[in-house]
Every structure is written in structure tokens, then in C-alpha cells.
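Please open the model in your viewer and keep the sequence panel beside it.

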Amino acid sequence: MNVTDAHGGDLSRGLEEVPVLFEGLAFHTFQYSPDNVQGPGSTEDPSEVTLPGCSCLSHSCCIDSCSCLQTHGQTYDSTGTLLNLNRTDLGFCSPVFECNALCTCSDDCSNRVVQRGLRFRLQVYKTRDRGWGARTLEKISHGAFVCEYAGEVISFEEARRRQLAQRSEENNYIIAVREHAGTGSVTETFVDPAQVGNVGRFLNHSCMPNLVMVPVRVHSVIPRLALFAGRDIEAQEELTFDYSGGYSNQRPAELLPMQSDAQARRTDGLQKKVCRCGSNNCTQFLPLDLSILS
């Protein structure tokens, strides 16, 4: 069954609080999931509650008494706006920890944002020259949570296998989250929404994006890849993020130096694709390794 068969044009088929609309002809089938799911090679179930909760009885947690906020710091204001997006200009971003299923605070707690899901009306549509894309149908304020980049959580080996098996005309959806877990220690999470995913899979790359990706932990140690508005975004504007994880509008360090066209189109068994974002600082090619650092 394709997405035009039922559910009144809602791409999420009722799984999101706000319907995800689409415009144009039907596209290939994929399984819509608002949340990450366990995929091949993953040893952790993203749906399992593994983080401790607070014992707050108030409507909304405050840093004076909440163990979650005291341990991880306050990252949202009272309206659910991310407080410090400037940290993404430093080449890394710090993970956010929200209250979770074991917390006794209200579902309306200001430290519960990403877990509430979509709140803005988004639309998947056919762009002029970049295939499918996603745009907002209403204005979004700077720092507001927009959507997740959800999909299968897979192992490095599975991620590499899938990348090398891709044909030149296929898109690479896999994102790698690299986190510093201590001196000389780096943990990695790989998320692929190609077959199982949400509206985030339709977001295009831009070298000058309007969204920032931040790892957010809610119930599980597996981070949720949350996208926040890096500036005020107008209605009908396409939503984009930097596939290499940057937001400083500088050339991402992960990109390879410029080569001849023949050399640049294939590196280490992976196809390079031309970037069509049209920004003034465009790096000409999409990043081979979709990644964010924290």
C-alpha cells in the first residue's frame, strides 16, 4: 500500500499528533515510525527505559529540586525553547537529557519537549531539483523543536554494508552520532531511516541550514536526533540541516579537499553526490559521512 491509499493524505497514518501532509504523486513505500527502532547489529532497544527518573511532584520541574536538571543541567526555557544553540558553532554539541517515563513530574513539564512529538504542520513535497523535501506550513521560532530524524538504529558494520551496497542513484540516509564518553573514548550511534523512518528522512542538506541537530536522551541511552530551528523560519520555507552536523556556515572538517570531477565522484567505495543547496558557501558535494559530534 502506498501513502495515497488511505488516511486522508497523512504520511504518518495517524502516528503523529499533527498530520504530516504531502503534495504531489505517491512515492515509494516505507514504514513510518515516529521513534527509533532496533535494527540489525544493534544491542540496545531504543524503546527500553534505561535512564533513572526524578521524584518531582510539581507540574513542571525546577533546577532547585529536580535530580534530572541538577545532573544534566537546564536546556529548555518554560516554553520548551532550547536555551543555547550557539554551542553548535564550536564543532560539537552537548547532548540534552529530558525527564522520562520513570519521572513523577507532569507530562506538561518544561523538560519534556522532544518526547511530545510534532507540534508544527509540516508538508513533504517535490522540490524543483532535489527530489523530495519537507517544508513548514507555519512560522517556527528560533530554538523551537521541529522534528526528529528517526529510523533504524544499526551497528557500524551494518551501516557500512548498506552504504557500500547503494547504487549511485540511491540516497544515503545513514547518520552517525559520535559522542565523547571520556578520555580517548568515543561512542557511536548509527541511524538509518531509509526503510523505517519519519518525516525527517525527507529533509534535504544545506550548507546554510535553518535546522540544528542535537542528540536528546529521553527514556533510553540511545539518543534521539532532534532538529531545532536555528533561526526564525517562515511559513512555506523548506526545512534543511547540514548532513555533516555543522551549523557555523563554515566548510565542514569531514569533507574531503576539492579534487577533479572524476576523482571526486568516488571515494573509498562510496559515491559522492553534487550538492544543489544553492547557498553562497556551498561546498559543491554532499558529505559522504553524515555525522554530528557531541
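**Overview of the chain**

Begin with a cartoon of the protein chain, which has three helices and 17 strands; helices (H or I, at least four residues) and strands (E, at least two) are DSSP runs, numbered from the N terminus. This is a predicted model, in which local features need pLDDT of at least 70 and side-chain atom pairs count only at pLDDT 80 or more, while totals for chains, interfaces and linings use all residues. Residues are numbered from 1 along each chain as its sequence is written, and side-chain values use heavy atoms, with hydrogens and water left out.

Of the 294 residues of the protein chain, 51% count as buried, where buried means under 20% relative accessible area, exposed over 50%, and partly exposed in between (1.4 Å probe, protein chains only). Among the contacts with a separation of 6 or more, 69% are accounted for by residues 24 or more positions apart, a contact being heavy atoms within 4.5 Å.

**Aromatic pairs**

Next, display the aromatic side chains: a search of the whole structure finds seven aromatic pairs. Rings of Phe, Tyr and Trp (its six-membered ring) pair if their centres lie within 6.5 Å, and planes under 30 degrees apart count as stacked, over 60 as edge-to-face and the rest as tilted.

Select Tyr76 and Phe228, whose ring centres are 6.3 Å apart with planes at 35°, so the pair is tilted. Tyr76 lies in the loop between helix 1 (67-72) and strand 4 (96-97) and Phe228 in strand 13 (residues 224-229), so the pair ties together parts that are 152 residues apart in sequence. Tyr76 counts as buried at 2% relative accessibility, and Phe228 counts as buried at 0%.

Then move to Tyr149 and Phe241, where the centres are 5.7 Å apart and the planes stand at 70°, so this pair is edge-to-face. Tyr149 is in the loop between strand 7 (145-148) and strand 8 (151-154), whereas Phe241 is in strand 14 (residues 240-241), 92 residues apart.

**A cysteine in a loop**

Select Cys66, in the loop between strand 3 (37-38) and helix 1, which counts as buried at 0% relative accessibility. Not counting residues up to four places away in sequence, Cys66 touches Cys54, Cys56, Cys61 and Cys99.

**Salt bridges**

Finally, colour the charged side chains; the structure holds twelve salt bridges, each being a side-chain nitrogen of Lys or Arg within 4 Å of a carboxyl oxygen of Asp or Glu.

One of them joins Glu138 to Arg121, with the closest N and O atoms 3.7 Å apart. Glu138 is partly exposed at a relative accessible area of 23%, and Arg121 is partly exposed at 40%.

In another, Arg130 pairs with Glu238, the closest N and O atoms being 2.7 Å apart. Arg130 lies in the loop between strand 5 and strand 6 and Glu238 in the loop between strand 13 and strand 14, so the pair ties together parts that are 108 residues apart in sequence. Both Arg130 and Glu238 are buried.

For the last stop, select Arg162 and Asp192, whose side chains meet in a salt bridge (2.9 Å, N to O). This pair links Arg162 in helix 2 (residues 156-165) with Asp192 in strand 10 (residues 185-197), 30 residues apart.
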